[in-house]
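Okay, thanks for making time, everyone. I'd like to walk through a few spots in this structure, so let me put it up.

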Amino acid sequence: MSAIYEAPRARINTSMLSQYVSRPVCFVGRVEKVHPSGKSFTMCDGEGKVVSVELNEPLDEELSGVVEVVGMVTNKGALMGSAYTIFQEEKGVAFDLELYNEALKVIHDFSQYYPFKVETSG
Amino acid sequence: DTMKLSEGAIEVRLFPDCVFSQNIRKMDGTSGPPRFRIMMNDGRHTMSYFMLSTQLNSLAEQNLLEPNCVCMLKKSVTNVLKDGRRVIIILEIEVITPAKDVPGKLGEPTPFVEGDAFQVHALTSCLRQSANKGPSREFGKKTPSALPSTPGGSSKVVPIASLNPYQSKWTIRARVTNRSNIRTWSNSRGEGKLFSMEIVDESGEIRITGFNQEVDKFYNLIEVGKVYYMSKGTLKIANKQYSSTKNDYEMTLNGESSIIPCDDASDLPVALCSFVAISDLASHEKDAVLDVIGVCKSVDELTRLTTKASREVSKRTFNLMDQSGCTVSVTLWGEEAENFDGSAQPIVAIKGAKLSDFGGRSLSASFSSTVMINPDLPEAFKLRGWYDKEGHAVEGQSLTEARGSGGGTTNWKTLSDVKTEHLGHGDKADYFNSIATIVYLRKENCLYQACPSPDCNKKVVDQQNGMYRCEKCDKEFPNFKYRLILSANIADYGDNQWVTCFQESAEAILGQNAAYLGQLKDSNEAAFEEIFQQANFHTFVFRSRVKLETYNDESRIKATVMDVKPVDHKEYSKRLIMNIRKMAV
């Protein structure tokens with residue numbers, strides 16, 4: 001699991017999944033439905049489009065609200081989730097998913113100014 | 001009968017609004033712009049000492065004013081030549097009947113010779129009203145017939161627009177739109193009192209001032225909104241410095257002036273306003289005086305503040321919205337502020353409001369403005385209808401940046417913009433918002449001992465005997481209150497800036513109040529320093545004021561922080577995204 005954090009992971013939304021097959025990505029979305037087994041769930045992005053997330057281990061807690069999932073894109077266009085972070089709603093201002101989506105588009109439209117690189121530290 | 005000339009007008013020399021036919025001739029030989037000389041025929045006399053003022057030359061050049069047309073002389077000025085001859089310069093003239101429609105010479109005029117017995121006729125013969133109705137003259141009266149002081153009868157009412165210094169016998173009927181308070185003065189030349197008011201009728205408006213005895217005579221009689229017959233005021237050229245009333249003349253009441261209430265006044269306008277849409281306010285220069293009308297969407301609490309002259313004054317602001325969908329903040333002062341009730345979202349019209357660039361654009365009612373609540377104006381009814389139907393749901397885009405919100409029309413700059421745009425270099429200080437991080441706070445000399453009086457912040461002098469003296473209050477106190485003046489350096493991605501933060505901003509940055517900090521400085525140096533360490537490297541929204549100041553040939557930008565607020569990340573993000581998209585185009 002820690003391997004996923006060693007590589008740069010592009011932030012994407014549902015529309016971009018097809019361009020990142022077999023690549024590590026970071027996906028922020030709102031949880032829609034959790035499978036009773038706890039091994040998968042669906043979430044929608046800032047544009048309202050849905051993505052399916054699969055997990056190696058079943059969830060051991062309630063998942064709801066806005067979540068950030070780090071993982072690989074499968075060739076079926078789903079996310080193989082390695083780790084996730086819940087953006088707690090109670091803490092401060094609610095996360096604006098639509099605004100996040102706008103920022104995401106800027107990052108991709110002007111990628112020359114938002115490079116994804118691995119910095120080798122000396 | 002548009003060809004009825006004002007007979008006798010040349011003789012009486014009472015010109016405005018008199019009807020003539022004429023012969024026009026271009027004068028030769030003069031250098032500069034051509035001058036046109038005109039011979040006027042009033043049906044009884046002809047006289048050729050009329051000249052067209054140069055600004056009206058185009059009328060002659062374009063043959064709009066032709067020989068033998070019938071025209072009405074509206075405004076003129078009489079010059080006396082060295083040899084005593086009088087020349088009348090025409091300032092405003094209107095062609096009533098073009099020459100082609102005039103059947104030859106009108107009347108049987110004889111040339112007028114100066115020095116003929118000057119007979120005073122009743123003024124009414126020369127007034128436009130009577131020119132239409134037919135002249136009524138009284139021959140042979142040596143003394144001017146005084147117009148009766150009661151309305152009606154043989155006195156004829158003239159329009160305000162026709163008032164001028166060359167005619168003294170008139171009566172007007174007008175509504176008072178504004179009345180000032182009584183103001184007194186006392187100087188080396190003596191003392192006195194005055195009041196002023198503005199009146200309006202269908203033709204226009206005029207400002208009237210009354211001094212001393214006229215104040216006693218008329219002040220209490222005048223009620224704003226009521227209509228009066230007035231006569232015998234002194235007319236003179238208006239001093240536009242003191243009023244924005246649309247009239248070239250203004251009036252002063254004199255010992256013979258009369259003001260009588262008129263009951264039947266429904267036909268007179270409530271006020272003459274040319275309303276500017278709130279959305280257009282940005283295109284007007286600051287300090288402009290203009291008329292606005294809108295719905296009072298929301299109103300703030302009444303506040304009191306102390307002026308520089310240590311006077312207390314009430315103040316209230318409210319938000320005005322009109323059909324343009326824009327809102328603007330309006331400030332009322334004094335009694336007007338105290339009496340204002342905006343709870344029922346009334347229609348508010350302000351004549352002569354002052355435009356300011358505070359917060360972008362905002363309005364205030366000065367002592368010469370007229371504030372009307374739910375006025376009897378067609379625009380008011382239209383607004384009410386619009387607001388009740390759809391306007392109430394409109395959010396409204398505000399032209400005034402409200403304190404506490406940083407969006408919309410706020411002036412956002414980066415610290416490097418301050419240099420590249422030369423902010424603060426103009427006559428007035430510049431205000432702007434920026435997002436910056438504190439990189440240094442100077443803890444030395446950040447506190448001073450101030451006068452303990454509630455509204456005084458002057459530094460006190462330590463008398464070294466346990467007493468502290470305030471020069472402003474001219475008193476000594478056994479105590480003082482600590483106040484902050486914090487020098488800081490703030491930075492963003494492009495530049496840094498030294499700023500001065502006063503009490504409220506400094507307390508917000510340090511997270512402690514001045515009194516506590518003062519106490520800590522005296523008792524626990526380490527804890528005092530710790531506060532400054534902790535406060536460093538925080539990012540805020542700064543509202544700053546910059547102005548170029550010169551000391552001994554050296555000019556430097558002085559920046560003062562007016563307000564400090566936490567960053568609203570959502571708003572900041574939206575703004576950045578918008579700016580990026582704009583730049584990409």
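Before we start, one term: when I say exposed, I'm talking about a relative accessible area over 50%, and buried is under 20%. And keep in mind that this is a predicted model.

So, helix H9 of chain B, residues 514-523. B:Gln519, B:Asp522 and B:Ser523 are exposed on one side of H9(B). The buried residues of that helix are B:Ala514, B:Leu517, B:Gly518 and B:Leu520. Looking down the axis of H9(B), the buried ones fall within an arc of 165°, so they line one face of the helix.

What do the buried residues of H9(B) pack against? In chain B, they sit against strand E22 (447-450), strand E26 (481-491), H8 and helix H10 (525-535). The N-terminal end of H9(B) has a cap, too: B:Asn513 puts a side-chain oxygen 3.2 Å from the backbone nitrogen of B:Ala515.

Let's hop over to helix H8 of chain B, residues 503-510, where we find B:Gln503. Is B:Gln503 buried or exposed? With a relative accessible area of 9%, B:Gln503 counts as buried, because that value is under the 20% cut-off. Leaving aside residues up to four places away in sequence, B:Gln503 touches B:Tyr482, B:Arg483, B:Leu484 and B:Ala514.

Two bridges join E23(B) to E24(B), residues 468-470. If you want to find that pairing on screen, look for B:Asp462, which stands opposite B:Tyr468.

Last stop, where chain B meets chain A. Seven residues of chain B are in contact with eleven of chain A. About 720 Å² is buried between the two chains, with carbon and sulfur atoms giving 73% of that. Which residues of chain B lose the most area to chain A? They're B:Lys570, B:Ile577 and B:Arg581, together 66% of what that side buries.

As for charges, there are two salt bridges between the chains. One residue pair is in polar contact, both at pLDDT 80 or more. B:Lys570 comes up again here: its side chain meets that of A:Asp96 in a salt bridge, 3.9 Å from N to O.

That's my tour, thanks.

Technical notes. Residues are numbered from 1 along each chain as its sequence is written. Chains are lettered from A and ligands numbered from 1 in the order in which they are written. This is a predicted model: local features need pLDDT of at least 70, side-chain atom pairs count only at pLDDT 80 or more; totals for chains, interfaces and linings use all residues. Side-chain values use heavy atoms; hydrogens and water are left out. Two strands pair if DSSP finds at least two bridges between them. Helices (H or I, at least four residues) and strands (E, at least two) are DSSP runs, numbered from the N terminus. Buried means under 20% relative accessible area, exposed over 50%, partly exposed in between (1.4 Å probe, protein chains only). Contact means heavy atoms within 4.5 Å. The arc is that of the directions from the helix axis to the C-beta atoms. A polar contact is a pair of N or O atoms within 3.5 Å; within protein, one must be able to donate a hydrogen and the other to accept it, and residues adjacent in sequence count only if both atoms are side-chain atoms. Buried area is the accessible area (1.4 Å probe) that two parts lose on being put together, summed over both. A salt bridge is a side-chain nitrogen of Lys or Arg within 4 Å of a carboxyl oxygen of Asp or Glu.
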